[in-house]
Each structure stands twice: as structure tokens, then as C-alpha cells.
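Keep the sequence and the 3D view side by side.

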Amino acid sequence: MIKVAVKILPRPEVLDTQGRAVSEILNKQGHELHQCQVGRYVVLEMEESSKEEALKKANAMAEKVLHNPLIEVFEAEVL
Amino acid sequence: MKKIGVLRFPGTNCDRDIIQAVNESGGVGEYLWYQDRVDINQYDGFILPGGFSYGDYLRSGALAAQAPVMDDIREAASKGMPIMGICNGFQILCEAGLLPGALMRNTSSRFIDKWVNLEMISPHQFFGGQRISKGEVVHFPIAHADGRYYIDERELSGLHDNEQVWLTYKDNPNGSVANIAGVKNKEGNVGGMMPHPERALFEWMGGSEGLMIFL
């Protein structure tokens with residue numbers, strides 16, 4: 001079984017309301033943050049013959065469903 | 001008499017309101033289940049109602065956009081059939097790539113439930129047709145957390161050039177780009193809006209201008 005993780009983050013030019021809310025709280029606690037982005041972490045478990053094949057499939061899933069290219073970017077990596 | 005297919009996904013909750021709106025306007029509304037395939041030739045058009053399909057998991061509308069019935073809606077769209085998405089239905093059509101742009105969390109991060117004034121920018125060829133003319137202001141309710149319409153600048157100028165902006169907010173409640181409340185596809189047969197015209201059918205509801213959208 002091969003696990004592939006897909007990290008999804010809002011595009012930097014798009015207002016990230018969750019990141020804004022989290023950074024406001026952290027700043028109030030005295031942490032001086034320049035920026036905070038909140039995204040999503042998806043772990044996919046697959047029965048594939050190779051890591052390359054698993055990564056290829058994860059990328060296809062991320063392209064089609066897991067991320068919306070207009071507002072998000074993603075990165076997939078084999079765990 | 002127009003027969004309108006009304007799509008139901010798990011979490012759709014404005015479906016009965018839409019059926020009633022269609023019936024009140026003299027048409028016949030029929031429920032369609034998201035896992036079924038549809039003979040599109042049996043219908044004159046389709047409406048995707050509001051709600052919280054799949055609990056807004058992943059992104060609002062993202063999972064519903066992958067449902068089997070959406071292949072038929074895609075075919076209907078390509079054949080020029082009338083298709084309208086309201087609220088979550090609008091989000092689903094954007095996620096399915098049938099409408100441009102995306103809907104994100106309101107700038108205020110709050111769920112907003114109130115009546116808003118909307119300006120008709122470019123009437124939809126079917127839904128509302130010429131009953132609401134260009135420049136006219138109508139009063140519909142909104143009820144959403146993810147209603148901030150987003151599109152990049154290049155695509156936004158394309159929307160204006162092709163008269164794809166359907167309705168705009170007079171007083172932008174959610175941070176939408178260019179005050180956009182509703183858009184259409186390039187061909188003009190597919191439209192989506194965040195406001196709920198089906199909640200404005202009779203005066204006792206607070207206003208009756210929504211009925212014109214379904215006539």
C-alpha cells in the first residue's frame with residue numbers, strides 16, 4: 001500500500017478568510033506573523049505497483065477534484 | 001407547459017421551494033436524483049437548488065459536481081438547454097466548470113441571511129427573460145456563507161465583454177468581485193446566482209419579484 005499526501009493551499013492572491021482569522025488570534029497572543037495560510041491535507045492510500053504510478057494518480061485526482069485551480073494550488077508527495 | 005428537472009443531491013434543501021416556484025409559474029417541476037442518469041430530452045430545462053450538498057465538504061459544490069447526473073447536465077448545457085443554479089446550485093455549476101469563477105467564504109467570514117437589492121445587468125435568455133429588463137432593480141433574499149464570487153481580472157473583463165454578468169448587488173454584502181451576484185456561460189443558456197428568487201414568490205414572503213425568474 002502506498003500513501004500519497006496532497007497539500008492544498010489558497011492561491012496567495014486570493015483572500016484566505018480562515019488564514020486571516022487564525023493570524024488575527026495568533027497576533028493578539030503576541031506572535032508576530034507576516035502571514036498565515038490555512039489549507040487542506042489529504043492522504044490517499046492506494047494499491048499501486050510503484051510510487052511513481054501512485055503519485056501520477058494522486059496528481060490526477062488533485063487536478064480534477066481535490067483542488068480548484070482558480071483559487072488553490074496543490075503539491076503531492078509520496079509518504 | 002414547461003417541464004423542469006429539479007436536481008437533488010444529499011444535502012440539497014431548497015428543492016421543494018423550487019418545485020413550488022416552478023409550479024406557481026405554470027410549469028411542472030420534477031425531482032431528479034443525483035445518482036440517476038437522465039433522459040434530457042424529456043425536459044425543457046433544469047434547476048440546481050440551494051442547500052449544502054455533501055455538507056460543503058472539500059469546497060462548496062465540489063463533490064456534487066462529480067455526481068453521475070452532472071454528465072447529463074453537461075450534455076444539456078452543450079445542447080443549449082436552459083440550466084439555472086441557485087446558491088449551492090450556483091456553486092455546483094462553477095465547480096463543474098459549466099460557469100466561470102468560484103464562490104468563496106464571505107469577506108466577513110459570517111453567514112449572511114438578508115434581503116438585498118440586485119441590478120439586472122444582462123437578462124438570462126430563459127430564466128426571467130425580458131420580464132426583468134436591463135438596469136431594473138429587484139429585491140431577493142440571500143442566505144449563504146460561501147457567496148463571495150471570485151474570478152481573476154483577465155476572466156472578469158471577458159465576463160463583461162460577453163455580457164455574462166447576470167445580476168449585481170447594489171450594496172455588496174460578501175466581497176464578491178465587481179459586486180457580482182449571478183453569472184451566465186458564454187452561450188447564455190446556463191446561469192447561476194447566489195440570491196434565492198424562490199424565496200420571493202408572494203408579498204407575504206417579503207416580496208414577489210422572484211416569480212419572474214421562473215416564468
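A nonpolar core here is a set of buried Ala, Val, Leu, Ile, Met, Phe, Trp, Tyr and Cys residues joined through C-beta atoms within 7 Å. A residue is buried if 20 or more other C-beta atoms lie within 10 Å of its own. The model is predicted.

With those terms in hand, start at the largest nonpolar core. This core has 70 residues. The members that touch the most other members are B:Leu7, B:Phe46, B:Ala64, B:Val69, B:Phe90 and B:Leu93. Helix H2 (residues 69-78) of chain B gives the largest share, five residues. A second, separate core has seven residues, including A:Val4, A:Ala62, A:Leu66 and A:Ala76. In soluble globular proteins, nonpolar side chains tend to be buried together.

Now step back to chain B as a whole. Chain B has five helices and eleven strands. Its radius of gyration is 15 Å, close to the 17 Å that the globule rule gives for 215 residues, so chain B is as compact as a globular protein of that length. The C-alpha atoms of chain B fill a box of roughly 40 × 35 × 30 Å along the principal axes. Buried residues make up 54% of the 215 residues in chain B. Of the contacts in chain B with a separation of 6 or more, 74% link residues 24 or more positions apart.

Strand S1 (residues 3-8) of chain B is mostly covered, with five of its six residues buried. S1(B) pairs with strand S2 (residues 28-33) of chain B in the parallel sense, over six bridges. One of the bridge pairs joins B:Ile4 to B:Gly29 in S2(B). Return to B:Leu7, one of the core members that touch the most others. Beyond four places in sequence, B:Leu7 touches B:Leu32, B:Tyr34, B:Phe46, B:Leu48 and B:Val69.

How many of the residues of helix H3 (residues 88-95) of chain B are buried? Eight of the eight are, so H3(B) is largely enclosed by the rest of the structure. Among them are B:Asn88, B:Gln91 and B:Glu95, as well as B:Phe90 and B:Leu93. Just after H3(B), B:Gly97 takes a positive phi of about 80°.

The loops of chain B come next. B:Gly50 sits in the loop between S3 and H2 of chain B. Is B:Gly50 buried or exposed? B:Gly50 has 26 other C-beta atoms within 10 Å, so it counts as buried. B:Pro197 is 147 residues from B:Gly50 along the chain, yet their C-alpha atoms are separated by 11 Å.

B:Glu209 lies in the loop between S11 and helix H5 (211-214) of chain B. B:Glu209 has 18 other C-beta atoms within 10 Å, so it is partly exposed. Beyond four places in sequence, B:Glu209 touches B:Val138, B:His139, B:Phe140 and B:Ala200.

Most residues other than glycine have a negative phi. B:Ser109, in the loop between S5 and strand S6 (112-120) of chain B, has a positive phi near 65°. B:Ser109 has 11 other C-beta atoms within 10 Å, so it is exposed. B:Ala178 has a positive phi of about 55°. B:Ala178 is in the loop between strand S9 (165-169) and strand S10 (180-184) of chain B. With 16 other C-beta atoms within 10 Å, B:Ala178 is partly exposed.

Finally, turn to chain A. An open sheet of three strands there has the order S2-S1-S3, with antiparallel pairing. Strand S2 (40-46) and strand S3 (72-78) of chain A are the edge strands, each pairing on one side only. Neighbouring strands of this sheet are turned by 20° against each other on average, direction ignored. Seven bridges join strand S1 (residues 2-10) of chain A to S3(A). In S3(A), A:Val73 is the bridge partner of A:Leu9.

The two chains meet as well. Eight residues of chain A are in contact with ten residues of chain B. The side of chain A that touches chain B has six nonpolar, two polar and no charged residues.

Terms used
Residues numbered from 1 in each chain as written. Chains lettered and ligands numbered in written order. Helix = DSSP H or I, 4+ residues; strand = E, 2+ residues; numbered from the N terminus. Rg over C-alpha atoms; globule rule 2.2 N^0.38 Å. Buried ≥ 20, exposed ≤ 12 C-beta atoms within 10 Å, placed from the backbone. Contact = placed C-beta atoms within 7 Å. Pairing = 2+ DSSP bridges. Axes fitted to C-alpha atoms, helices over the stretch in contact; angles between N-to-C directions. Nonpolar A, V, L, I, M, F, W, Y, C, P; charged D, E, K, R; others polar.
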